[in-house]
Amino acid sequence: MISFRSVVFAAVILATTNASAYAEKRVALVIGNSAYKSVAKLKNPANDAGAVAGMFKRAGFDTVDSRLDLNVVEMRRALREFGNKARDADVAVIYYAGHGIELDGTNYLIPTDATLETDTDVLDETFPLDRVLFSVEPARQLRLVILDACRDNPFAKTMKRTIGSRAIGRGLAKVEPSSPNTMIAFAAKAGSTASDGESKNSPFATALVEHLAKPGLDLRKAFGFVRDDVLKATNNTQEPFVYGSLGGNDVTLVPAAPVTAPVDQDASMRRDYEFALQVDSRPVWDAFIDKHPSGFYNALARAQRNKLAAEAARVEATNIAKAAQEERTRLAAEGAKPAEQAKAAEQAGAIEKARVTAELVKKAEEAKVAAAERVKASEEAKAGAETAIAVEKTKEDRVAALSTNADRSNQSPSLDISRLLQAELRRVGCNTEPADGNWNRASQRSLELFNKFAGMKLEVTVASVDALDAVRSKTARICPLLCDHGFKANGDDCTRITCRSGYEGGDDNACEKIKMKKPTAKREEPRSKADGPAHAKSEDRPSKPQASGQILCNTQGCRPVAKGCRIEWSRNSTGKSTSNQYQVCD
């Protein structure tokens with residue numbers, strides 16, 4: 001017979017497992033764009049969004065944000081707000097119904113106010129699929145994006161090409177998610193279009209509502225059932241497709257319904273037994289036996305009651321034997337007749353025999369109680385060992401699930417842990433590199449930043465499970481956002497600092513009033529001849545002779561007369577002047 005302890009511990013493990021499953025936080029964003037301003041209105045996206053949002057709510061999601069007919073500003077705000085909610089979530093899902101477009105191999109979602117007159121407008125008026133994936137990336141366990149956006153696109157027919165070779169595809173392009181545990185579901189496989197159908201909801205949305213939220217159903221099976229239903233509804237013209245992969249364990253959008261734990265029939269009996277054992281009296285044990293007429297604890301209670309009865313009988317027999325011995329002694333002292341003394345001796349012998357019998361009965365009952373207690377202790381030890389094994393197995397399963405990534409067949413466990421750790425470091429703001437599984441120097445610096453701002457001392461040379469657990473335990477941003485000069489942190493983005501007229505950004509990024517400098521006239525001071533090296537240099541050079549304005553001509557030619565000199569004429573022996581000139585200086 002299975003002991004009550006085994007049943008109790010099994011129930012505890014089941015309850016713990018289911019409670020853990022339901023403790024996961026799940027959030028969803030549902031967008032349905034029908035009322036486009038530049039093209040014809042779509043009839044189903046709003047209805048599809050309402051049906052899918054209702055499915056998530058019935059499935060018990062913590063947050064379901066349903067938005068209809070969003071323009072580019074509203075769509076950007078919705079994605080940003082949902083990204084903040086996904087930071088502390090285990091499961092994040094985005095469902096989009098509306099128009100989408102593929103340009104040069106990249107998929108874009110189209111808001112309702114887009115005009116898309118030229119192909120370059122796609123980059124300004126739409127949202128790339130990577131922006132949507134960025135919003136679900138912080139989720140810890142599952143990231144799911146569902147796109148019912150493969151309809152025949154009317155924008156492509158009127159859009160002008162700025163480059164003739166630019167490709168605008170039919171439907172959406174194939175994608176390969178880079179983050180682990182990420183799935184992207186298309187209403188129709190890459191390069192094909194989806195149908196709105198003839199009913200209120202599209203075939204894809206109808207199948208999603210039917211299968212996706214079934215409790216305990218693995219996502220891969222759920223989307224397989226969705227594919228089968230859509231193929232059947234469209235006569236094999238539309239085939240939904242899922243990109244990305246998950247690990248070997250089942251991944252459910254809605255946990256399985258809790259298994260009703262078997263009722264522990266011995267629970268109340270065990271509690272009553274503990275109370276009766278504290279009182280330990282025959283009336284209490286009689287009441288316990290009347291309330292619980294069968295079972296293991298009933299046998300224990302009977303043994304406890306019999307032990308008390310045997311003890312009472314032993315005490316009574318001892319008292320009687322003592323009284324008989326005293327009576328026999330009294331008769332002998334008073335000189336009673338031999339017949340009376342013989343009778344008293346006979347009675348004393350019988351009473352002593354009864355006392356010995358009571359002693360033996362008491363010891364037998366105590367032995368029975370001891371044996372029952374040993375059986376009880378053995379059952380408890382066995383149940384404890386079973387519980388330890390079950391807890392250890394649960395722990396191993398959790399570790400195995402933790403290390404599962406998107407492509408177990410082609411990548412090693414160490415690469416799985418590296419990629420998961422890089423993604424988590426990016427979530428807490430310490431990593432700006434892609435989560436590619438390559439644990440390089442940039443990844444090590446990211447973990448060093450986490451250690452610095454989280455006050456931890458994790459080993460950074462290798463990506464470990466301990467580091468992954470430590471980073472995952474942080475729900476908010478850890479590393480501060482660093483912006484260049486002239487920019488300031490605004491959430492997860494750096495925005496330029498703008499100052500009002502007359503002010504400019506200072507060295508500390510604060511706006512400061514611009515100081516206007518008045519022009520000042522400068523007057524040159526006259527230089528003294530004794531001042532400056534130029535004058536000293538000029539004194540060192542020999543002065544050039546300056547002319548006096550007279551010209552001296554003789555047989556050697558003509559030349560100016562130096563300043564301070566004069567011309568004189570030579571005289572002959574008679575004292576008369578001749579035509580010969582010469583220069584005379586004082």
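## Strand 7, a covered strand

Strand 7 is mostly covered: seven of its seven residues are buried. Buried means under 20% relative accessible area, exposed over 50%, and partly exposed in between (1.4 Å probe, protein chains only). Strands (E, at least two residues) and helices (H or I, at least four) are DSSP runs, numbered from the N terminus. The model is predicted: local features need pLDDT of at least 70, side-chain atom pairs count only at pLDDT 80 or more, and totals for chains, interfaces and linings use all residues. Residues are numbered from 1 along each chain as its sequence is written, and side-chain values use heavy atoms, leaving out hydrogens and water.

In a regular strand the side chains alternate between the two faces of the sheet. Leu 142, Leu 144, Ile 146 and Asp 148 point one way from strand 7. Arg 143, Val 145 and Leu 147 point the other way.

## Partners of strand 7

Two strands pair if DSSP finds at least two bridges between them. Strand 3 (residues 91–97) pairs with strand 7 in the parallel sense, over seven bridges. Val 145 stands opposite Ile 184 in strand 8.

## Helix 8

Helix 8 spans residues 219–233, 15 residues in total. From first C-alpha to last it reaches 21 Å, close to the 21 Å expected at 1.5 Å a residue. That expected span is 1.5 Å times one less than the number of residues.

Which residues of helix 8 are buried? They are Leu 219, Ala 222, Phe 223, Val 226, Val 230 and Leu 231. Their cover includes strand 7 (142–148), strand 8 (182–186), helix 7 (203–211) and strand 9 (241–243). After helix 8 comes Asn 235, with a positive phi near 55°.

## A buried loop residue

Asn 44 sits in the loop between strand 1 (26–32) and helix 2 (45–58). Why does Asn 44 count as buried? Because its relative accessibility is 1%. Contact means heavy atoms within 4.5 Å. Leaving aside neighbours within four places in sequence, Asn 44 is in contact with Ser 34, Asp 196, Gly 197, Ser 199, Lys 200, Asn 201 and Ser 202.

Three strands form an open antiparallel sheet in the order 4-5-6. Its edge strands are strand 4 (100–103) and strand 6 (127–128), each pairing on one side only. Two bridges join strand 5 (residues 106–109) to strand 6. Leu 109 has Phe 127 as its bridge partner in strand 6.

## The whole chain

The protein chain has 16 helices and 17 strands. Of its 586 residues, 38% count as buried.
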